[in-house]
Amino acid sequence: MVDDMLGFLEGIRAEPAWRPMPREVVEELSRPAPVEGEGAEAAYADFRRLVLPYRMGNVHPRFWGRVMGTGTPFGMLAEMLTAGMNTNVSGLHSAASHVEAQVLSWFKPVMGMPPEASGVLVSGCSAANLVGLTVARDEKGRRVGVDVYRQGVQALPGRPTLYTSEDAHNSVDRAAMLLGLGVDAVRKVPMDAAFRVRADVLERMVEEDRAKGLLPLCVVGNAGTAATGAIDDLSALADVAARQGLWFHVDGAFGAWAGLSPALRGRVAGIERADSVAFDLHKWMYVPYDVGCVLVRDAAAHRRAMSATQAGYIAQAPRGIESDPFRFNELGPQLSRNFRALKVWLSVKEHGLAAYARQIEQNVAQAALLAALAEGHPELELLSPAALNVVCLRYNDGRLDEAALDRVNAEVLMRLHERGVAVPTTGKVRGKRALRFAIVNHRSRREDFVATAEAVVALGRELVAEQAP
Ligand SMILES: *Cc1c(COP(=O)(O)O)cnc(C)c1O
C-alpha cells in the first residue's frame, strides 16, 4: 500500500484531473455489508478498482476547486503513524498533548497572538469559527451580566447579532444556527469595489441595531474570502469592534497564512488585534485532511465557554495519566479527538516555516499570472482582482449577452471537469457566473495555468460554434 500510494502520487501529473464515475461503480458502492469477510487483499483490490480512480482529485497539479489543499507524501506517512498509535487526545496525559501545545505555540506569532493565548486543533475552519463564536457569545453575556453557559441565549437582553462581509463563508451562518442565534442574526455588511467590508457602513449598522434594541455581539473579519480572496481592512474592523465593545473574530481559513511571508504579511495587518482567529492547516499549509485551528487571546474565556460540566469519571489528578495539563477536550466540542497535531508537527519539522512562506508566495504569483493571462486575452474576462490566491474569470468573446455568458461558462466548467483537463469550480461575482480558481496547490506549475487558460478559450469557442445556426 505504501509503495502503491507513493507511486500514485509520483505519477499524478499524467492522470486526468477528475473523472466521472461509471454507473456500475456507483452500483457496486451501494451493495450491503458482506456477512463473511473477503479478506484484506480483496478489500484492497476493491479500493484500487472502485475508489482510487474516482477520487476528488485535489492531489492533482491542475486542481483549484473550492479551496482544497493538496497534502504531501510525508503527511500521508504521518497519518499512518497516527493511526498506528491510535491515540485519543482527550485529556489523558501523553506526549500527544504536548505536541499539540507545541504546534499551537508555533502558530501564535504567525497569527499575531501572544504566547499565553489559548487554542485547539479541530476538524477545520468551520469548527474553528464555531468555537471562536461560542466564546464571543458567552463573553458578551458576561459583560451584560448573563451566564449564557447555564442560562442559554434566551436570557440575553436583546437579540444577539453578528456582523460580517456579504462574501463571508457560510460556516459563519452555520455557527449562528448551532449557537441558537439563528442565521438571521448574521448581518451581511456591504463591500467596497475590492470586495472588502465597508467599515463605515458596519459601524452605522451596529449603532442602528443597538438603538433598535438588538445586542451587537461580534465582528467577523475575513482574511481571504473564499469567493475572491479579498482581505478585509482588519485594522479598521478592529477599531470599530473596540469602539463598539464587540468581540473581533477573524476567519483566516487560508489567507491568515499570508502572515508567514515577509512580503505578504502587510496584507493581513490588524489580525494581531483579533480576540480569536480561525484557520486551516489542510488548505494553505498543505497538511492532509482534516485539521483546522482556533486561537483565542483570553485563555480563561476559551476554557469557560467550552468545558462541559465535569463528568465524574473525567477527573483531574495530580499525577498519573489523569494529570494532563492541557485537556484539549475542554477547549472544543469533541471529547474523543484524533491526534491531528502529529501530521502538522512532522510536516513543519520536515520543511520549516520558510519553505511554507515561499510556497505561499509562489501560489500568489501564480494567481497573478493567471489574472494577467485573463486580462491579456481578448476572449477572457477577469471578474475580480487577484487580491491573494483566488482568481475569478470567464470566457467572454464580447458577442454574448449575460444570460448566454452564464450558460456558456457553466458548460465550459463541466467540460473542463469531464475531460479531466483541470478543476476550477464556480461562483458568482456581482451576479456573473465565474470560473473560480483557488490556488493552494504546491504541485501546480506555470505551464498548468497557461494550458488551462488556453483550454477555457478553446472550449468557449467550441460552445459558441455548436450554438451557431
Ligand atoms: C474553507 C473555509 C472555511 C471552512 O473551513 P473547513 O476547513 O472547510 O471547515 C471557512 N472560511 C473560509 C474563508 C474558508 O475558505
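Buried residues are those with under 20% relative accessible area, exposed ones have over 50%, and partly exposed ones lie in between (1.4 Å probe, protein chains only). The model is predicted, so local features need pLDDT of at least 70 and side-chain atom pairs count only at pLDDT 80 or more, while totals for chains, interfaces and linings use all residues. Residues are numbered from 1 along each chain as its sequence is written, and side-chain values use heavy atoms, with hydrogens and water left out.

Helices (H or I, at least four residues) and strands (E, at least two) are DSSP runs numbered from the N terminus. Helix α11 spans residues 299–306, and A301, H302, A305 and M306 in this helix are buried. Because these buried residues fall within an arc of 110° when seen down the axis of α11, they line one face of the helix; the arc is taken over the directions from the helix axis to the C-beta atoms. The cover over the buried residues includes β1 (118–122), α6 (125–143), α7 (148–151) and β7 (292–296), where contact means heavy atoms within 4.5 Å.

S323 lies in the loop between α11 and α12 (341–351). This residue counts as buried, at 16% relative accessibility. Leaving aside residues up to four places away in sequence, S323 touches H93, Q316, A317 and P318. A polar atom of the S323 side chain lies 2.6 Å from the backbone oxygen of G320.

E411 belongs to helix α14 (residues 402–418) and is partly exposed, with a relative accessible area of 25%. The C-alpha atoms of E411 and L459 are 8.8 Å apart, for a separation of 48 residues in sequence.

Technical notes:
A polar contact is a pair of N or O atoms within 3.5 Å; within protein, one must be able to donate a hydrogen and the other to accept it, and residues adjacent in sequence count only if both atoms are side-chain atoms.
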